[in-house]
2 protein chains.
Amino acid sequence: MKPLEWADGKVKFLDQTKLPLEELFCETADASFLAEAIKRLAIRGAPLIGIAAAYGIALAGLSAPSSTEEEIRRHLLSTIEMLASTRPTAVNLFWALKRQRRIIDEWHNGSVAELQKKLIDEAIKIHQEDAEMCERISSFGSELLNKNSSVLTHCNAGALATGGRGTAVGVITKAWELGKIKHVYIDETRPLLQGARLTAWEIKKAGIPATLIIDSTAAVLLKQKKVDAIIVGSDRIAMNGDAANKIGTYSLAVQAGYHRIPFYVAAPISTIDAGINSGKDIPIEERDAKEVAELFGRRFAPERMDVYSPAFDVTPNELITAIITDQGVLKPPFIESLKKLKLQN
Amino acid sequence: MKPLEWADGKVKFLDQTKLPLEELFCETADASFLAEAIKRLAIRGAPLIGIAAAYGIALAGLSAPSSTEEEIRRHLLSTIEMLASTRPTAVNLFWALKRQRRIIDEWHNGSVAELQKKLIDEAIKIHQEDAEMCERISSFGSELLNKNSSVLTHCNAGALATGGRGTAVGVITKAWELGKIKHVYIDETRPLLQGARLTAWEIKKAGIPATLIIDSTAAVLLKQKKVDAIIVGSDRIAMNGDAANKIGTYSLAVQAGYHRIPFYVAAPISTIDAGINSGKDIPIEERDAKEVAELFGRRFAPERMDVYSPAFDVTPNELITAIITDQGVLKPPFIESLKKLKLQN
């Protein structure tokens, strides 16, 4: 399942806002249509947003006006600006656009065809690199699981969020292919229900036996010894191993510790923030009260009710059994194992 | 706030299905209208259902045909049958109907006016007893809280579920009146959102500063040291102190233990099941998948997705700091303190 593809001068993508009830694919040769799709979350997941933006610049190259080098350059740079303004927080977006910017800056011979090819090639390369990163994480991670494992995951760190098979969900589908997975339990992941909507759809599509639960039921399953491991993704990892991820992850990690079940974080090296020493310094975005008090536009909490809705929480390193990266599996003490990595940022 | 009242030969009740957006009161002199209201959850909460049923028999007494003793008796017994069939699991329902049945059985002098008065008096007595039970629990419970306490509760164990100020929520409103409450955090309580819909409404109505959270955020608040105590109700307590309550309670109790925060269960003596030695023997109802996969009739999980949805979970006694009953506060070891109670069943 590919949520986004380059198809003969066009970008074909799955409109994720329609999932899981409808699988609607869109095709466009227009970078601004792609920007709009990122804005309205039809394309989502930090790595996938970066890939989409890179393809957006490739599209802009193809639609460049046949005029002066100056004008072509202006057209491309304004497209970069437009794409950069879609989602302010996804680091991968800026990083991917920077790579395309370098191609544009290095273009001096005046051949538009050559520039077009280079922009397409770079976007495909970014996409491929992400897919390979997912493969490495998935392979390393699946080695941690025993045969006949039942695993639990939270939110969506799957193919829908990346250019490959995903991180946490990638580990699960890889382990399934290796005959190691018995059952997958999926947290619905309130408030935005990415587990119920996206991960459930991916896991079901992969043909893996799976059960959806409300987030509160996870503790009950652990008590019943129905779960052998918990695997989640991460949005940012500090240099001591503290990991930020979707709200509900910290709660799960505490449950895993109490019930003595391994708790794995799967994330690419790019998630590790060399500038941050501990989870305390990771900024946590607070979301709108409406996401908790309403669903599908229908309000169910009292009017003017105060709501606290952090989008993420931080799991302290001592609750993490291992961090699965594309450079291998890190074991505690993470403050040591993280130092040995080749970091990009 | 009274969700149900006897009003001059009629029963006036709040239609809880309209909460929190609308406060719709209904009035009826018809026992079958009341039965319908119980069935469609307009009247809910085990104690309140029992009270409503008792009033239903009082209404049936007033509308009895002016004919033979035999026919009056038949009319009343068929009303008992109708009310008993509304909700099969609420123990209080059968207990309240049994009390009215005794009045009917003991009636032999033929005075309809006297029978009518006795049925009304018994219903009012059942209602009053429940209100007093709530008061005692609330007083005992509020003594456990220090000044300036921030507390967290789950689901709805409030005035809307009882004939008085509630159990867990009763403790909170009582402590608020005593100047001991700084803030209340309310778990939304997936899947049926009783926290967001009912407890939030009650606490807001009482004028207590409160914040609504998704269930996963509770762990984050405990980590931030924003919560001084957790107070929940219970649906059934075993003789070793294991307590069944709404799904999500066990998860909270584990969090409370990890973060070293007191975890209180507030429930009347009638909740203690002398026939059950441990939580393992408490039957746990499984609910329909739709309650998890849909909301307001709109589906958001994939079609035919397997769902596991227990309505309750069991918190083991070792995670409970104290059980607040109408006969006083029980401390561990509960296997000892429970034995000393005067149980009714």
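Which residue of β15(A) is the bridge partner of A:I323? Keep that question in mind as you follow this tour.

**Before you start**

This is a predicted model, in which local features need pLDDT of at least 70, side-chain atom pairs count only at pLDDT 80 or more, and totals for chains, interfaces and linings use all residues. Residues are numbered from 1 along each chain as its sequence is written, chains are lettered from A and ligands numbered from 1 in the order in which they are written, and side-chain values use heavy atoms, with hydrogens and water left out.

**Stop 1: the sheet**

Select the strands of chain A in the order β6-β5-β4-β7-β10-β14-β15, and you have an open sheet of 7 strands with mixed pairing. Strands (E, at least two residues) and helices (H or I, at least four) are DSSP runs, numbered from the N terminus. Two strands pair if DSSP finds at least two bridges between them. Now colour β6 (210–213) and β15 (328–330) of chain A: each has a single partner strand, so one side of each is left without a neighbour in the sheet. On average, neighbouring strands here are turned by 25 degrees against each other, direction ignored.

**Stop 2: strand β14**

Zoom in on β14(A), residues 322–325, which is joined to β15(A) by 3 bridges, the two running antiparallel. They form a hairpin with 2 residues between them. Here is the reply to the opening question: A:I323 has A:L330 as its bridge partner. Look also at A:I324, which stands opposite A:V329. Turn to β10(A), which runs parallel to β14(A) and is joined to it by 3 bridges. There, A:A266 is the bridge partner of A:I324.

In a regular strand, side chains alternate between the two faces of the sheet. Show the side chains of β14(A): A:A322 and A:I324 lie on one side, A:I323 and A:T325 on the other, and all are buried. Buried means under 20% relative accessible area, exposed means over 50%, and partly exposed is in between (1.4 Å probe, protein chains only).

**Stop 3**

**Stop 4**

Select A:L19 and A:P20, which are joined by a cis peptide bond with omega about 0 degrees. A:P20 sits in the loop between β2 (10–14) and β3 (25–28) of chain A.

Is A:R260 buried or exposed? At 76% relative accessibility, A:R260 counts as exposed. Its phi is near 55 degrees, a positive value in a residue other than glycine.

**Stop 4: two domains**

Colour chain A by its domain assignment, which is automatic or from a database: domain 1 (4–135) and domain 2 (136–340). Their centres, taken over C-alpha atoms, are 28 Å apart. Finish at A:E135, which forms a salt bridge with A:R165, the closest N and O atoms being 3.0 Å apart. A salt bridge is a side-chain nitrogen of Lys or Arg within 4 Å of a carboxyl oxygen of Asp or Glu.

Methods
Axes are lines fitted to C-alpha atoms, for helices over the stretch in contact, and angles run from 0 to 180 degrees between N-to-C directions.
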